[in-house]
Amino acid sequence: KNKRLFDKMDGTTKSISPLVEEIEYYGRLGELEAEAGRDFFRCHRSYLVNFQYVEKYDAASVYLEYGGQAIMAKKNYPEFVRQFLQYNKRTRDLPT
């Protein structure tokens, strides 16, 4: 399974925060978003979060395991909630 917590874009530099170390590479977050699949959500223009590591969320932020935090764009909040609920429904019955 994918071990990335979240991805943050700052200009053209992308920081990928995996479970162990942070990796930087250059590119567009939209390209990564297209490849990431439905277990990820772009909650802000600079953040792509992995639903697997979401601990809690509110209209302003997504709080992740291991202390990660991503900004939530107000316009993306309703869709985040909808997709996160679908993710939970989809993965709830899967064996671990």
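Start with the contacts across the whole protein chain: with a contact defined as heavy atoms within 4.5 Å, 37% of those between residues at least 6 apart in sequence join residues at least 24 apart. Before you select anything, note that this is a predicted model, where local features need pLDDT of at least 70, side-chain atom pairs count only at pLDDT 80 or more, and totals for chains, interfaces and linings use all residues. Residues are numbered from 1 along each chain as its sequence is written, and side-chain values use heavy atoms, with hydrogens and water left out.

**Stop 1: the cartoon view.** Walking along the sequence, the order is β-β-β-α-β-β-β-β-β-α.

**Stop 2: the surface.** The protein chain has about 6300 Å² of it, and carbon and sulfur atoms account for 49%. Of the 96 residues, 40% are buried; buried means under 20% relative accessible area, exposed over 50%, and partly exposed in between (1.4 Å probe, protein chains only).

**Stop 3: the nonpolar cores.** A nonpolar core is a set of buried Ala, Val, Leu, Ile, Met, Phe, Trp, Tyr and Cys residues joined through side-chain atoms within 4.5 Å. Select Cys 43, Val 49, Phe 51, Val 54, Val 62 and Phe 80: these have the most contacts inside the largest core, which has 14 residues. Which elements each supply at least two residues of this core? They are strand S4 (40-44), strand S5 (47-50), strand S7 (61-64) and helix H2 (77-92). The largest share, three residues, comes from H2.

Now centre on Phe 51. Leaving aside residues up to four places away in sequence, Phe 51 touches Arg 38, Asp 39, Phe 40, Phe 41, Phe 80, Gln 83, Phe 84 and Tyr 87.

**Stop 4: the salt bridges.** Show charged side chains next. A salt bridge is a side-chain nitrogen of Lys or Arg within 4 Å of a carboxyl oxygen of Asp or Glu, and the whole structure has three.

- Select Arg 90 and Asp 39, whose side chains meet at 2.6 Å, N to O. This pair links distant parts of the chain, 51 residues apart: Arg 90 sits in helix H2, and Asp 39 in the loop between helix H1 (29-36) and S4. Arg 90 is partly exposed at 26% relative accessible area, whereas Asp 39 is buried at 17%.
- Move to Arg 42 and Glu 33, a salt bridge at 3.2 Å, N to O. Arg 42 is partly exposed at 24%, and Glu 33 is partly exposed at 34%.
- Finish with Glu 79 and Arg 82, at 2.4 Å, N to O. The two are about one helical turn apart because they are three residues apart in helix H2. Glu 79 is partly exposed at 28% relative accessibility, and Arg 82 is partly exposed at 41%.

**Stop 5: a loop residue.** Is Lys 75 buried or exposed? Select Lys 75 in the loop between strand S8 (69-71) and H2: at 72% relative accessibility, Lys 75 is exposed. Then draw a C-alpha to C-alpha distance from Lys 75 to Ala 59; the two are 16 residues apart in sequence and 9.3 Å apart in space.

How values were computed: Helix = DSSP H or I, 4+ residues; strand = E, 2+ residues; numbered from the N terminus. Areas by Shrake-Rupley, 256 points an atom, 1.4 Å probe, with all protein chains shown as cover.
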